[in-house]
Amino acid sequence: MKKFGFSRRGPDLVTQELVTVLSKKTSFEFKALFTIVHQNLIARKAASGGEDMLRLRAYEKLQYLVNGGMVKKTGKKYRGLLAALNAFTAEAEKQAAQAEAAALAR
């Protein structure tokens with residue numbers, strides 16, 4: 001089956017920041033986690049669409065990480081599972097390199 005649609009997408013900066021922050025050996029409540037992620041995105045000049053929309057996107061992506069087994073949720077606290085997050089980061093870097101190579105081949 002063939003995929004149709006727009007395939008040139010930039011890196012998912014929200015997920016990258018979530019993974020970076022959750023790679024530390026600390027548990028975070030969502031509010032504190034979002035504050036750190038938001039500040040990091042502002043520093044990278046990548047916080048667009050308003051804070052409320054960014055909060056929703058960050059929460060959705062955090063839930064994908066929880067459901068994917070990369071983040072453990074205990075009560076209201078989230079803690080990254082280092083081995084799973086490292087594997088996720090390596091796979092994301094691999095896909096980015098493949099996308100870049102494909103773009104250069106065109």
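The following conversation works through the terms used for this predicted model.

Student: What makes up the secondary structure of the chain, and in which order do the elements run?

Tutor: The secondary structure comes to four helices and three strands, and from the N terminus on the elements run α-β-α-α-β-β-α.

Student: Why is Phe30 called buried?

Tutor: Phe30 has a relative accessible area of 15%, and buried means under 20%, so Phe30 counts as buried. Phe34 is buried as well.

Student: And why is Tyr59 called partly exposed?

Tutor: The relative accessible area of Tyr59 is 37%, whereas buried requires a value under 20% and exposed a value over 50%; Tyr59 therefore falls in between and is partly exposed.

Student: How many aromatic pairs does the structure hold, and what makes Phe30 and Phe34 a stacked one?

Tutor: The structure holds two aromatic pairs. In the pair of Phe30 and Phe34 the ring centres are 6.1 Å apart and the planes stand at 25°; since rings pair if their centres lie within 6.5 Å, and planes under 30 degrees apart count as stacked, this pair is stacked. Phe30 and Phe34 are four residues apart in helix H2, and are therefore separated by about one helical turn.

Student: Why is the pair of Phe30 and Tyr59 given the name edge-to-face?

Tutor: Here the ring centres are 5.3 Å apart and the planes stand at 90°, and because planes over 60 degrees apart count as edge-to-face, that name applies to Phe30 and Tyr59. Phe30 lies in helix H2 and Tyr59 in helix H3, so the pair ties together parts that are 29 residues apart in sequence. Phe30, Phe34 and Tyr59 form one aromatic cluster.

Student: What about E2 and E3?

Tutor: Strand E2 (residues 71-74) pairs with E3 over four bridges, again in the antiparallel sense, and Lys73 stands opposite Tyr78 in E3. The hairpin of E2 and E3 has two residues between the strands, and in this hairpin Gly75 takes a positive phi near 65°.

Student: What makes E1 and E2 the edge strands of the sheet?

Tutor: The open sheet of three strands has the order E1-E3-E2, with antiparallel pairing, and E1 and E2 are its edge strands, each pairing on one side only.

Student: Why is helix H1 called mostly covered?

Tutor: Helix H1 (residues 13-22) has ten residues, and seven of them are buried, among them Val14, Leu18 and Leu22. The buried residues of H1 pack against E1, helix H2, helix H3, E2, E3 and helix H4. In the chain as a whole, 25% of the 106 residues count as buried.

Note on methods: Residues numbered from 1 in each chain as written. Predicted model: local features only at pLDDT ≥ 70, side-chain atom pairs only at ≥ 80, totals over all residues. Heavy atoms only, no water. Pairing = 2+ DSSP bridges. Buried < 20%, exposed > 50% of the residue type's maximum accessible area, 1.4 Å probe, protein only. Contact = heavy atoms within 4.5 Å. Phe/Tyr/Trp six-rings, centres within 6.5 Å; stacked < 30°, edge-to-face > 60°.
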